[in-house]
Amino acid sequence: MIRLTADEDSYLRASANHSLGRASIFKATEAEDEGDFKSELKNAIEFFERSSKETTYSNPSRFCLPFYRSFYSLMFEKAGAEGEVKRYLAEAKSASEESENKETLIEAVENLANALSEGQKVTDFDATKFDLNACRRYCDRAADLIGDAAEGAPGAAYVLRRGLPIIDDWIKEIIREIQEKAEAVRRGTQGTSLEELGLATARPAQELPTQDPLALTMSLGTMASSARVLCELITADDERIQACEQLKNLSGLELSEQGGALADALEYITTCLHGHRNEAPPTKTVHISEMQKEIVRIAVAQFCFELTESFPFVLKNKDEVKTKVFSALEIAKHDGTNIVCLPELCLCEEWISEIEERYPDMIVIGGSFYKDKMNICPVIMKSDADTHYQPKIIPSRNEDPEMTGVGMVSGDAVYIYETRFGRFMVLICRDFDYLLTRLVHRKNPDMIFCPAFNPVSANKRFHNAAHLHVEKNPLYILIANTGKYGGTSVFGRLHKDYFGLLVDNRCKDAGDSTYKLCEVKKGQEEVILANFNLIHKSVQTPTPADPDEEIRNVDHIRKIPIELDRSRI
């Protein structure tokens, strides 16, 4: 037969090459492994190609060549194969000569091609296309058609059947890839307060179905719900990529889009978790005392003040601001407050000793001031231990030295203060925006204080982040901002049945369902005061029938206006 492929007669050469091609197809059907299967199929294509080049009236290789080329591209040249398959199938149809078996085989390959197209969309997650059910449907239809064609073209039918388990393996590989991404998320959250969410994301991934589209949709939805929360918790608004944003409306997407969006988000979450571990500054514990109070009263103050226009920014009217600072501290003292937080850049260093002497029973989170180009927040308390002032880590735009070479010197650590009034961190302004998601899940403080000098546009972002973290973590967040922009607020879990009372007491806006329990508006000068339970930070469930047995994690919330009284200063 090999000798005839070099015969002088064109018809004999065409027939010999065609016969050798069919023989290679037979060998492919008998192949023990995928490698031999691929090799024999490739040999067959080469023989059919030689045969089709011969000028004869009727040459079956003109059908066989594009038919088997399309199948080969479908099976082994998956990347970018879709266009090639369409071209080969068009050529095969043209050469089919109205043969019923040939048309059936072409339809079978078309169904396998559609299956592969869906499978490619799953593995190419950037395309955000995913429909395992469609892939299975096309494969099942191909199997039926192959059965119809088997009697008239047994060799071709067997080759197509060999392709079905290969495609089935691809589906299994797709499932494995999603499972691996979910498992990576679980490992990334292990040992953090996000561990439960990581488990909730990974658990359904281990049982993703391939046969039942309804069950698949439900499993993807369960995973997406946990992934969406993770996206919101570990990324700031300006960091969040499209994949995370898509999860907000996943139920409105076609099934063909859901898996891709979910896979992208899982991969991004894992990247963020690893990045947070590497990017976050080191933390250092400052142990002052064991916790001595289960319920602490905390105050956050807001008042108006102006800063100079150039770095380093200082108070324009120091005497007036000092009066406001000490008026707020007096309110806190007379209300029995344990901890007070002041706004960023509202303090002068020379006031610290006076604050320490006059308010020995309170811890004062003293806003901040510049020293040696560092923006530092003094944690003022009577103690024999070195309390360490908290430096700002991330400069704001108007502090950034990268622009002109003049600006803030960044701190190199975040301190965790262990005191008689609980365990807390201080994140100054932009540190809250950037470091909150990188630190809180690993350090689990009782409270986070944020002295800020935030414009109105940033308040919404800070408040959203505070709500999300309080919703998912048992902690309290307290933000003290300048009265120039407003937004001073406290966040904690509280049964929503109490929200109406907070609205009536001018603490909360009507219709606000977040855990922002009290806020001071722009232009107002007030102190928010509230009791916070350091043992029970979550809403008590179920609610006891006896009111005396109810434990409220936050209560006695109120706002007191700051009335300037220079005689007390």
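Mentor: Lysine 371 sits in strand β5, where helices (H or I, at least four residues) and strands (E, at least two) are DSSP runs numbered from the N terminus. This is a predicted model, in which local features need pLDDT of at least 70 and side-chain atom pairs count only at pLDDT 80 or more, while totals for chains, interfaces and linings use all residues. Residues are numbered from 1 along each chain as its sequence is written, and side-chain values use heavy atoms, with hydrogens and water left out.

Lysine 371 is partly exposed, at a relative accessible area of 37%; buried means under 20%, exposed over 50%, and partly exposed in between, with a 1.4 Å probe and protein chains only. Leaving aside neighbours within four places in sequence, lysine 371 is in contact (heavy atoms within 4.5 Å) with Glu349 and Ile376. Proline 391 lies 20 residues from lysine 371 in sequence, and their C-alpha atoms are 9.9 Å apart.

Now to the sheet itself. Three strands make an open sheet in the order β5-β6-β8, with antiparallel pairing; two strands pair if DSSP finds at least two bridges between them. The edges are β5 (369-371) and β8 (390-391), each pairing on one side only. Two antiparallel bridges join β6 (residues 374-377) to β8, and cysteine 377 stands opposite glutamine 390 of β8.

For contrast, here is another lysine. Lysine 324 belongs to helix α12 (residues 318-334) and is buried, because its relative accessible area is 6%. Not counting residues up to four places away in sequence, lysine 324 touches Phe303, Cys304, Glu525, Ile562 and Leu564.

Next, the cysteines. A disulfide is taken as a pair of cysteine sulfur atoms within 2.5 Å, and the count by this rule is zero. Cysteine 348 is in no disulfide, with the nearest cysteine sulfur, that of cysteine 346, 8.9 Å away. Cysteine 348 is buried at a relative accessible area of 10%, and cysteine 518 is buried at 0%.

The search uses a 1 Å grid over the protein atoms alone: a cavity is a set of points where a 1.4 Å probe fits but cannot get out, a pocket is an open set with protein on both sides within 12 Å along at least five of seven lines, and lining residues have an atom within 4 Å of a point. Grid points are joined across faces, edges and corners, and a volume is the space filled by probe spheres set on the points.

The largest pocket holds about 690 Å³ of space. It has 31 lining residues, of which Ser396, Arg397, Phe453, Asn454 and Pro455 are the closest to its centre. The elements giving two or more residues to this lining are α15 (430-443) and α16 (456-472), and α16 gives the most, with four. By class, the lining of the largest pocket has 14 nonpolar, five polar and twelve charged residues; Ala, Val, Leu, Ile, Met, Phe, Trp, Tyr, Cys and Pro count as nonpolar, Asp, Glu, Lys and Arg as charged, and the others, Gly among them, as polar.

There are also two cavities of 30 Å³ or more. The second largest cavity has a volume of about 70 Å³, and its lining includes Leu494, His495, Tyr498 and Arg552. By class, that lining has five nonpolar, four polar and two charged residues.
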